[in-house]
Amino acid sequence: MTFYPGPSKVYPQVAQYMQDAFAEGILSINHRSAECMEITRGAIDGLHQKLNIPADYHVYFVSSATEVWEIIAQSLTRQKSLHYYNGAFGEKWADYAEKLVLATERIPFKLNELPDLQNTTNFSDVVCITQNETSNGTQIKDLKPFRKAFPEAIIAVDATSSLGGIVLDFNAGDVWFASVQKCLGLPAGMAIMICSPKAIERAEQINDCKFYNSIVFIHDNFQKFQTHYTPNVLSIYLINRIMLEISNISIISEDTKQRAKEWYAFFENKGMRCLVQNPAIRSDTVITIEGTEEEIKSIKALTKTHGITLGNGYGSWKNNTFRIANFPAIEDIEIEALIKLLK
Ligand SMILES: *Cc1c(COP(=O)(O)O)cnc(C)c1O
């Protein structure tokens, strides 16, 4: 049983889907065949329908969230990218961009605060935001203020540990992305990148064609439901199948938020500290609990002897926190088992 926030527990149906993929010969099909195009089209339709992605936003499959950091730097940034972050993944994104773009600006903000967008005059081609910071369990719930503060910029949003778990306001951003091994409950090896018409327009103006994964090139291929490289067809197939199975995100989101509320209340009643004290920025999908090194060690050791894996702390919170994935693939009986043990 695993509560690791990525790679995380996959949906139990994945076992059958993988058998089906093998039996149906999916694993050996040509990626330019009509059959593969049909699977890709179905997966994209399913994502639009179940995650409420606006009809004019494009969905692409690439290999990882890390790759999307580079795609944004290469295809959408003329001069400068601006990075707001309070944790390890947002910071890593800035590190990747710094190697590729002419200029980056970093605006770190404190764990229990939201970034200050008052009187922002910083010009930037792209504004980079981590919607859910997996390393510390914070989230930025409302992205509209970024749109308002940077009306010209492309707003790029890393939603790797929240896409598939909560309702996201897609219109507030231009590029959204997530690897599939976190909140989407699928095996690692692919990521979803979602682009607004404004993002595509910007990519076409810049017209970067130097890389195999330049957005204009990706976009051309996806117009035909093909990919710019031989893709992880199994992963596309799994998306296709799981999207037919799950409820609409508006229903999933309510469950996720209810479960999150219960997790936070449980730990607070037990006298344990949530790393994030400000409820307004607590993540719904990654719960981070703080303690002394001794406490954290003994809780992890206890759960381990019962076959339950908790998420380790990450980065600067490595030794004094543990994390619990609150992802929809996790079943009620698993949560009950963990709660019983922790009690
Ligand atoms: C896990 C994670 C990534 C990196 O995902 P990869 O699939 O390893 O590229 C990026 N951003 C966030 C917020 C993450 O949680």
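Modeller: With the naming of elements: helices are DSSP runs of H or I with at least four residues, numbered from the N terminus. This is a predicted model, and in it helix α3, residues 65-75, gives the most to the shell around the ligand, with three residues.

Biologist: Which residues come nearest to the ligand?

Modeller: A residue counts as near if one of its heavy atoms lies within 4 Å. There are 13 residues around the ligand, and T66, T134, D158, S179 and K182 come nearest. By class, the shell divides into eight polar, three nonpolar and two charged residues.

Biologist: What polar side-chain atoms lie by an oxygen atom of the ligand?

Modeller: A polar contact is a pair of N or O atoms within 3.5 Å. For T134, a polar side-chain atom is 2.4 Å from a ligand oxygen; for K182, the distance from a polar side-chain atom to a ligand oxygen is 2.7 Å. The protein buries 86% of the 390 Å² that the ligand exposes when taken alone. The backbone takes part as well: a polar backbone atom of A65 lies 3.3 Å from an oxygen atom of the ligand.

Biologist: Now a single residue. Why does V10 count as partly exposed?

Modeller: Partly exposed is the range between under 20% (buried) and over 50% (exposed). V10 has 31% relative accessibility, so V10 falls in that class. V10 sits in the segment before α1 (14-23).

Biologist: Which residues is V10 in contact with, leaving aside neighbours within four places in sequence?

Modeller: Those are G185, L186, P187 and A329.

Notes
Residues are numbered from 1 along each chain as its sequence is written. This is a predicted model: local features need pLDDT of at least 70, side-chain atom pairs count only at pLDDT 80 or more; totals for chains, interfaces and linings use all residues. Side-chain values use heavy atoms; hydrogens and water are left out. Helices (H or I, at least four residues) and strands (E, at least two) are DSSP runs, numbered from the N terminus. Buried means under 20% relative accessible area, exposed over 50%, partly exposed in between (1.4 Å probe, protein chains only). Contact means heavy atoms within 4.5 Å. A polar contact is a pair of N or O atoms within 3.5 Å; within protein, one must be able to donate a hydrogen and the other to accept it, and residues adjacent in sequence count only if both atoms are side-chain atoms. Accessible areas come from the Shrake-Rupley method with a 1.4 Å probe; for residues, only the protein chains shown count as cover. Ala, Val, Leu, Ile, Met, Phe, Trp, Tyr, Cys and Pro count as nonpolar, Asp, Glu, Lys and Arg as charged, and the others, Gly among them, as polar.
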